[in-house]
Amino acid sequence: MVDATTSDPPQTGVSALSPSPARVRGTIAAAVAQPEDLRQLRAFHKVMADVNRLRIVRRLAESEATVAELIAHVGLSQPLVSWHLGRLRAAGVVVTRRQGRETVCRLREEAFEEFAERERAILGFAG
């Protein structure tokens, strides 16, 4: 039997209390002022980096569609499809309009060309 008064307490270790090097680098990077134009590029890339949003974009590249049609196409719930559409609208990739009780979505194909031009200018590519 072990006597609780004489046994050492469990070692929690100093590393459990110290932030990881990655956490320190992330905190420093967040504190450094980031140029707004680069943040905008990152936001667009981040929106387009989701597979479900890409599936919605690919479907809308064929023709405009109602939210119900997009739900059937991508197989996600209505709240999830609406959330993804909100992100795509905020990025300027998709526009919506009401048609009775339905919301009809359309891809702004020119958004990709506009973004590519802006990205080239911001990153300093000649063109």
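Modeller: Helices (H or I, at least four residues) and strands (E, at least two) are DSSP runs, numbered from the N terminus. What we have here is a predicted model, in which local features need pLDDT of at least 70, side-chain atom pairs count only at pLDDT 80 or more, and totals for chains, interfaces and linings use all residues. Residues are numbered from 1 along each chain as its sequence is written, and side-chain values use heavy atoms, with hydrogens and water left out.

Colleague: Thanks, that helps! In what order do the elements of the chain run from the N terminus on?

Modeller: The chain has 6 helices and 3 strands. From the N terminus on, the elements follow the order α-α-α-β-α-α-β-β-α.

Colleague: And what percentage of the 127 residues in the chain is buried?

Modeller: Let me start with the surface, computed by the Shrake-Rupley method with a 1.4 Å probe, where for residues only the protein chains shown count as cover. The accessible surface of the chain is about 9300 Å², with 56% of it belonging to carbon and sulfur atoms. A residue is buried under 20% relative accessible area, exposed over 50% and partly exposed in between (1.4 Å probe, protein chains only). Of the 127 residues, the buried part is 23%.

Colleague: Let's look at Arg97. Leaving aside neighbours within four places in sequence, which residues is Arg97 in contact with?

Modeller: Arg97 lies in strand β2, and its 38% relative accessibility is why it counts as partly exposed. Its C-alpha atom is separated by 9.5 Å from that of Thr66, 31 residues apart along the chain. Taking contact as heavy atoms within 4.5 Å, the partners of Arg97 beyond those neighbours are Glu64, Glu102, Thr103 and Val104.

Colleague: Which residue in the turn between β2 and β3 has a positive phi?

Modeller: Strands pair if DSSP finds at least two bridges between them. Here 6 bridges join β2 (94-99) to β3, and the two run antiparallel; Gln99 stands opposite Glu102 in β3. The two strands form a hairpin with 2 residues between them, and the turn residue with a positive phi, about 65°, is Gly100.

Colleague: Then what is the bridge partner of Thr66 in β3?

Modeller: β1 and β3 also run antiparallel, joined by 2 bridges. In β3, Thr66 has as its bridge partner Val104.

Colleague: Moving on to α4, how wide an arc do its buried residues cover around the axis?

Modeller: Helix α4 spans residues 67-74, and its buried residues are Val67, Leu70 and Val74. The arc, taken from the directions from the helix axis to the C-beta atoms, puts them on the same side of α4 because it is only 55°.

Colleague: For α5, how far apart are the end C-alpha atoms?

Modeller: The expected span of a helix is 1.5 Å times one less than its number of residues. With 13 residues, α5 should therefore span 18 Å, and this agrees with the separation of its end C-alpha atoms, 18 Å.

Colleague: Which exposed residues does the face turned away from the buried side of α5 carry?

Modeller: On the buried side are Val81, His84, Leu85 and Leu88. They cover an arc of only 100° around the axis, which means that they sit on the same side of α5. The face turned away carries the exposed residues Pro79 and Ala90.
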